[in-house]
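Please open the model in your viewer and keep the sequence panel beside it, so that each selection can be followed in both.

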Amino acid sequence: MNTRLLIILTYLSGAVGAWAKPAPQFTADGFKVPQPGFDFQFPRDHGSHPGFKIEWWYLTGHLAEEGANGERFGFQATFFRQASPDGNTDLFLSHMAVVNVSTGEFLHQERLNRPGWDAGATVGRLDLHNGPWSLRMPKADAEEMRLQGGVRAEAMFDLQLEPVKPLVIFGEDGVSRKGAAPTAASYYLTYSRLAATGTLNWQGKTRAVTGLAWMDHEISSSQLDENQVGWDWISMQLNDGREIMVYRLRLRDGSSDPASTLTWVDANAQPMPQPFEWQVVSTWTSETTGGTYPAKVRVRTIDPASGQSVSLLIEPMVAAQELSGDLGGIPYWEGACRVRDETEQVLGQAYMELTGYAKDLELQ
C-alpha cells in the first residue's frame, strides 16, 4: 500500500471514536437526526421526509445525441426541500444546468417557491415539482423515473431513467457521517448508474438522446460541522461497470475533515470504502463571482479489486460550469468531467461539485 494512503487510513481510523457517541433523536431546534439501522422502505423512502430539516434529490448525467455526428451534453437537476426554523412550512429551491460539451456553452437557472401549486415534494413516493420542472416515479412497483427540466427556453429535456444497478445506501449502518458532531450526518441513497433515454431541445432543435445518469437522495438536519467551509464531491462512472463516490469536507485551515470519504461501488452495487488522497492539479477563476476553484484534480486511492494503488485524473470537459447562486445565495461549480488514468487513457466519466470557493458556506 502507498505510504501516504496508509497514513490517511490510520488517521481516518483514529477518528472513528469521535463518531461512536450515540446520535440524539433530535437537533436542538427539534428536527430529526439520522439513526443507525433505520428500516428503509421503498417506494416510501424515495419520497419526502418532512421531519428532517433539509433534503435533496440530485441528478447529473452525460447524454449523447443519436447519430454518428451527434453532439454531447451534460445535465444537472437538483430539487431541495428546506424546512423553516419553526418547522411549520418548507421552501423549495431547484437548480438546473445543461452544458453542450461539443461547443462549450453552459446554461443554468434556479427556482425558489413555497409549497402549493408552484412546488412540492410528496410523502410516501417520489413525486417532486418546482414550476415546470419535475421528477416522478410513476409506477409504485417499478423504479423507473421521469425527469423533466431545462433552462428557460434555451434548453429543455424529458428523460426516462431506469436503474442499471440496485440502490446503494452509503455510510455505516445506514448513516453517512459529515463530521464529528453527533448531528452531522445524513441518510445517503444513490442510484449510481441509470440508463437515460429521451429528448433534449437545445436552442430550438429537438434531438433524441441516450446516456448515463447518477442520482443522490440525501436526508439530513445538519450537514456542515463546525469549522467546515465547503466540500468537494465527485461521482465517477467507470467504463468497467463500477462507480466511485468521493466527498472531501474542507476545514478552514485547508485540510480535510476526517469524515471525508471515498467509496467504490462494485459490479453488484456493493459499496467498498477506501482511503484516498486529493491533489489539485490546476485551477479556474470565475469572472462572475471571482471564486478560484480546482479544475483538474488527481485522486489517489486503492482499487479494491486488485489491492493496488491507482491514480485518477478528473478533467473538466468545459472550464466554465459555475452556477452563480442568484437565488440560493451560494455560488458553486458543478460540471461534466472525464476520468483518466496515469497514461491519459479515458477510464470513464464524472460529475464534480465544488462549494465554498466563491463564498464561505459556514456563513450561510
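## Charges at the surface

Begin by selecting Asp141, Glu143, Glu144 and Glu162, which together form a negative surface patch. Patches consist of residues with over 30% relative accessible area and no salt bridge, like charges being joined within 9 Å and nonpolar side chains (Val, Leu, Ile, Met, Phe, Trp, Tyr) within 5 Å. Asp and Glu count as negative and Lys and Arg as positive, while His and the chain ends are not counted; the place of a charge is taken as CG of Asp, CD of Glu, NZ of Lys or CZ of Arg. Accessible areas come from the Shrake-Rupley method with a 1.4 Å probe, and for residues only the protein chains shown count as cover.

This is a predicted model, in which local features need pLDDT of at least 70 and side-chain atom pairs count only at pLDDT 80 or more, whereas totals for chains, interfaces and linings use all residues. Residues are numbered from 1 along each chain as its sequence is written, and side-chain values use heavy atoms, with hydrogens and water left out.

Glutamate 162 counts as partly exposed because its relative accessibility is 43%, where buried means under 20% relative accessible area, exposed over 50%, and partly exposed in between (1.4 Å probe, protein chains only).

## A nonpolar patch

Next, select Leu91, Leu112 and Leu327, a nonpolar patch on the surface with about 240 Å² of accessible area together. Leucine 112 belongs to strand 4 (residues 105-113), and its relative accessibility of 41% makes it partly exposed.

## The chain as a whole

Now zoom out and colour by secondary structure: the protein chain has one helix and 25 strands. Its radius of gyration is 19 Å, close to the 21 Å that the globule rule gives for 364 residues, so the chain is as compact as a globular protein of that length. The radius is taken over C-alpha atoms, and the globule rule is 2.2 Å times the number of residues to the power 0.38. Along its principal axes, the C-alpha trace spans about 55 × 55 × 45 Å, and buried residues make up 54% of the 364 residues.

## Salt bridges

Show the side chains of glutamate 55 and arginine 81, which form a salt bridge with their closest N and O atoms 3.2 Å apart. This pair links distant parts of the chain, since glutamate 55 is in strand 1 and arginine 81 is in strand 2 (residues 72-83), 26 residues apart. A salt bridge here is a side-chain nitrogen of Lys or Arg within 4 Å of a carboxyl oxygen of Asp or Glu, and by this rule the count comes to 22 salt bridges.

Are the two partners buried or exposed? Glutamate 55 counts as buried, at 0% relative accessibility, and arginine 81 is buried as well, with a relative accessible area of 0%.

Aspartate 90 is buried, with a relative accessible area of 16%.

Move on to arginine 136 and aspartate 127, whose side chains meet in a salt bridge (2.6 Å, N to O). Here arginine 136 is partly exposed at 32% relative accessibility, whereas aspartate 127 is buried at 13%. To end this stop, select Glu65, Glu71, Lys205 and Arg207, which are linked in a network of salt bridges.

## Backbone details in loops

Select phenylalanine 42 and proline 43, where the peptide bond from the former to the latter is cis, with omega near 20°. Proline 43 is placed in the loop between helix 1 (3-15) and strand 1 (54-65).

Then go to glutamine 203, which has a positive phi of about 50° although it is not a glycine. Glutamine 203 sits in the loop between strand 12 (185-202) and strand 13 (205-222), and is partly exposed at 44% relative accessible area.

Glutamate 344, also not a glycine, has a positive phi of about 75°; it is found in the loop between strand 24 (332-340) and strand 25 (346-355), and at 44% relative accessibility it counts as partly exposed.

Finish at glycine 291, in the loop between strand 19 (283-285) and strand 20 (292-294), which counts as buried at 2% relative accessibility.

How values were computed: Helices (H or I, at least four residues) and strands (E, at least two) are DSSP runs, numbered from the N terminus.
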